[in-house]
Amino acid sequence: MAMNTDILLGLQWGDEGKGKIVDAISPEYDIIARFQGGPNAGHSLEFNNVKHILHLIPSGIFHSEKINVIGNGVVIDPAVFKKEIENLGPPVSELAGRLIISAKANLILPGHRILDAAYEKHKGCLKIGSTLKGIGPAYTDKVARNGLRAGDILAENFRDLYEERLEAHLRILKNYDLEYDLKEYEAGWFEGIEMMKNFRIINTEYYINDLIDRGKKLLAEGAQGTMLDIDFGSYPFVTSSNTVSAGACTGLGISPKNIGEVFGIFKAYCTRVGSGPFPTELNDETGKLLRDAGHEYGSTTGRPRRCGWLDIPALKYAIMLNGVTQLFMTKSDVLSGIDTIKVCTSYLLAGEETRELPINNIPVEPVYTEVPGWKENISGIREFSLLPSNLRNYIKFIEDQTGVPVTLVSVGPDREETILR
Ligand code: GDP
Ligand code: IMO
Ligand code: MG
C-alpha cells in the first residue's frame, strides 16, 4: 500500500504558518498540491531576506525541481492567478513545466466577487468578515451545478457559457443595493483566462495517482484552518470548503489508504481574522503585544488579526477531526519576553466545566493554566535541546494535553528558522 501522501493543514483559524513550513519541507517531496480554498488564502514564505505571499499557487513553487498542482477542490480566480504568476519571477514557459491545474477546479467568476460583497453588505449580525474574493458564491455555484471549471476554458463556446452565468448573476444582483464596475474586472479576468492556457489543464487525479503508484511523495497543502471548516468550524463564521484532512481526498482525488502523516500546524498562541467566536481572545495590552510582536496583519486583506492565548480544547478538537500524527508549532519566538503564558485547558459553560466546543457558538469562558515564560531571543537557535527550558516545558505541556508529539518548532519567518526534532 502506497502511503506516500502527507497532509499539512492548519489547526486553528488560518494563518498558522502553512506557507512557510510547506516551503521548508518541500525538499522531502516530489509533488506539492493545494486541495481546497482559493485566493482567500495568503501563504507567506521567506528566504534570502525576501518575503513571498501566495494565494492560489502551492507553496512548493520556489523549489524548481518540484511539481505543483492546483487540485480540483480549489476555486481559481484567473485574474489573481495571472498576477501571482507574474510576481513569481521565473518566465511562464518555465513555470508551465511544473505547475499543473486540475480541469475540474471551479472558476471564480467576476459575478462571484460582486455577489460576495453584496451578500456581506446586506448581512446584519451574521457578517462573516469574508475576504471578499468570491469564495462563498463560487462554491455555492459549484454545488448548485452552475459552475464553470478550468477545463471549460478550452471549449469553443466558452464565451457563451460565461455570458449565461453572468446573466444569472446580474439577475440576483438587481435585488441588491451595491455599486460595482464589472467591465474593468472582467477585462483582467479574461486576461487571466489567457494566462491559464499556458499551463497544463488536465485530470490531475490520474496524474497524481500515477505518480503515487510509482512511489513519488505528495504533500497536500491545506488552506484556512480547521476552525474555519464549513462543517466543523464555528458556522456560519467559516469558509466554504472542508479544510480538514478528508478534504485532501476529495480535493485531489486520492484515496484515504494513501495518507501517511497528517501534520497539524498551530501557532504558539491563537489568532483569528474576521468575525466569530474566539474564547481566548485578548482585547487588552497583551493582545496588542502579540499583534505587534507577531506582525499579525492579514496576508490577503491587511486586516489586523484578533489575538489570544492558546486554546487546547479547540486544538484537541482539530487533532481529532484530522487524525493529526505530528504537531508543528510556529511563532514560538513571538512569546519570548512574556513573563507568564496562559493556556486555556477547558471552558466554563453556564458555570459547568467542559472540554468540548459548545453548539451554536454559545459563549464560553476559558479556564486557564499559567506556565512560566522565557526571556531569550530564540530566532538563531536550530537545535531543540538549546531552546530555553521553559519553552521546552511549554511544548511538553501541549504534548501531554493533546497526546501528540511536537516534531517541528518554528522560530522565525525564514525557511531556515525551523527546528526539526
Ligand atoms: P499561512 O496562511 O498559514 O501560510 O500563514 P500566513 O503566511 O498568513 O501568516 C503567518 C505569518 O507568520 C507570516 O507573516 C509568516 O511570515 C510568519 N511566520 C511563520 N512562521 C513564523 C515563526 O515561526 N515566527 C515568526 N515570527 N513569524 C512566522
Ligand atoms: P490562510 O490559508 C485566515 C476567514 C475570513 C473570514 C472567513 C470567511 O491564509 O490561512 P472567505 O473569504 O473564505 O469567505 O472568508 O474565513 N479566512 C481566513 N482567515 N486565513 C485564511 O487563509 C483565511 N481564509 C478565509 O477572514 O472570517
Ligand atoms: Mg494566511
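For the classification of residues used here, Ala, Val, Leu, Ile, Met, Phe, Trp, Tyr, Cys and Pro count as nonpolar, Asp, Glu, Lys and Arg as charged, and the others, Gly among them, as polar. The structure is a predicted model, in which local features need pLDDT of at least 70 and side-chain atom pairs count only at pLDDT 80 or more, whereas totals for chains, interfaces and linings use all residues. Residues are numbered from 1 along each chain as its sequence is written, chains are lettered from A and ligands numbered from 1 in the order in which they are written, and side-chain values use heavy atoms, with hydrogens and water left out.

The shell around ligand 2 comprises seven nonpolar, ten polar and three charged residues. Of these 20 residues, D15, K18, H43, T131 and T239 come nearest, a residue being near a molecule if one of its heavy atoms lies within 4 Å of it. Polar contacts are pairs of N or O atoms within 3.5 Å. A polar side-chain atom of N40 lies 2.9 Å from an oxygen atom of ligand 2, and a polar backbone atom of G42 is 2.9 Å from an oxygen atom of the ligand. In the side chain of S130, an N or O atom is 3.1 Å from an oxygen atom of ligand 2. The protein covers 98% of the 550 Å² of accessible area that ligand 2 has on its own (Shrake-Rupley method, 1.4 Å probe).

Ligand 1 is likewise surrounded by 20 residues, the closest being K18, S44, K51, D333 and S410. An oxygen atom of ligand 1 is 2.7 Å from a side-chain N or O atom of K51. For K331, the corresponding distance is 2.8 Å, and for R305 it is 3.2 Å. Of the 590 Å² of accessible area that ligand 1 has on its own, the protein covers 95%.

The cysteines were also examined. The structure holds zero disulfides, a disulfide being a pair of cysteine sulfur atoms within 2.5 Å. The sulfur of C270 is too far for a bond from the closest cysteine sulfur, which belongs to C344 and lies 8.7 Å away. C270 is buried, with a relative accessible area of 1%, where buried means under 20% (1.4 Å probe, protein chains only). C249 also counts as buried, at 14% relative accessibility.

Key
Polar contact = N/O pair within 3.5 Å; in protein donor to acceptor, adjacent residues only side chain to side chain. Buried < 20%, exposed > 50% of the residue type's maximum accessible area, 1.4 Å probe, protein only.
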